[in-house]
Amino acid sequence: MEKPQSTDRLAASLFAEVLIADQLSRNLISKALPRGMQISHFSVLNLLAHVNEERTPAQLAEAFHVTRGAMTNTLSRLEWAGHVHIRPDWDDARRKFVSISPAGRAARDAAIAAFMPLIAEVVRDIGADRVRGALPVLRELRIRLEGGPD
């Protein structure tokens, strides 16, 4: 049985590495994104492209664990840039639906083309097998932090 102190140190080391890796990966990706695009913009476009169906602003806010106000701000910027279409819900005028536009899909694809070589190089340097081995632990960490199964 592990001592609580050694478990605490392990937990602190794990979270320090995750936080630093998050910051460094965001910096890497931010520098590679097309001019004017932020990671939050790319993330929304990527989700909408992946699911390929409309989402409400509330659903998007929940998916990204942000406030509705923060999501509204991001969606306003994306709409202004022509990257998303926002339409009213014909059955409930209080709700809106968001979809990715052709320009948004092109911007998302350009962003991926810009940063994918950088992150693929990191994976090659670390080794695909080692990265594959780390994914289940990182996935379980994410699920636990989201309040998933214990």
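Visitor: Helices here are DSSP runs of H or I with at least four residues, numbered from the N terminus. Which helix does H41 lie in?
Guide: H41 lies in helix 2. Keep in mind that this is a predicted model.

Visitor: Is H41 buried or exposed?
Guide: H41 is buried, because its relative accessible area is 7% and the cut-off for buried is under 20%.

Visitor: What does H41 touch, leaving out neighbours within four places in sequence?
Guide: H41 is in contact with G36, T74, R77 and L78. Helix 4 covers residues 68–80.

Visitor: Let me step back. How many helices and strands does the chain have?
Guide: There are six helices and two strands. From the N terminus, the order is α-α-α-α-β-β-α-α.

Visitor: And the overall dimensions, what box do the C-alpha atoms fill?
Guide: The box is roughly 60 × 35 × 20 Å along the principal axes. The radius of gyration is 19 Å, whereas a compact globule of 150 residues would have one near 15 Å.

Visitor: What share of the residues counts as buried?
Guide: Of the 150 residues, 22% are buried. The chain exposes about 10800 Å², and carbon and sulfur atoms supply 57% of that area.

Visitor: Charges next. How many positive and negative side chains are there?
Guide: The chain has 20 positive and 18 negative side chains. The centres of the two sets lie 3 Å apart.

Visitor: Which domain does UniProt list for residues 11–147?
Guide: The unreviewed UniProt entry lists "domain: HTH marR-type" for that span. In the model, residues 11–147 are 72% helix and 7% strand, and the end C-alpha atoms of the span lie 17 Å apart.

Visitor: Now the strands. Where does V84 lie?
Guide: V84 lies in strand 1, which runs over residues 84–88. V84 is buried, with a relative accessible area of 3%.

Visitor: What packs against V84, not counting residues up to four places away in sequence?
Guide: V84 touches L45, L48, L75, L78, E79, V98, S99, I100 and S101. L78 is also one of the contacts of H41.

Visitor: Where is D89?
Guide: D89 is in the loop between strand 1 and strand 2, the latter covering residues 96–100.

Visitor: Buried or exposed, that D89?
Guide: D89 counts as buried because its relative accessible area is 8%, and the limit is under 20%. Beyond four places in sequence, D89 touches R95, K96 and F97.

Visitor: Changing topic to backbone angles. What is phi of N52?
Guide: Phi of N52 is near 55 degrees, a positive value in a residue other than glycine. N52 is in the loop between helix 2 (39–51) and helix 3 (57–64).

Visitor: And what is phi of H65?
Guide: For H65, phi is near 55 degrees, again positive in a non-glycine residue. H65 sits in the loop between helix 3 and helix 4.

Visitor: Why does H65 count as exposed?
Guide: H65 counts as exposed because its relative accessibility is 58%, and exposed means over 50%. N52 is exposed too, with a relative accessible area of 57%.

How values were computed:
Residues numbered from 1 in each chain as written. Predicted model: local features only at pLDDT ≥ 70, side-chain atom pairs only at ≥ 80, totals over all residues. Heavy atoms only, no water. Buried < 20%, exposed > 50% of the residue type's maximum accessible area, 1.4 Å probe, protein only. Contact = heavy atoms within 4.5 Å. Rg over C-alpha atoms; globule rule 2.2 N^0.38 Å. Areas by Shrake-Rupley, 256 points an atom, 1.4 Å probe, with all protein chains shown as cover. Lys, Arg positive; Asp, Glu negative; His and termini not counted. Charge placed at Lys NZ, Arg CZ, Asp CG, Glu CD. UniProt positions renumbered as here; feature names shortened; annotations may be inferred.
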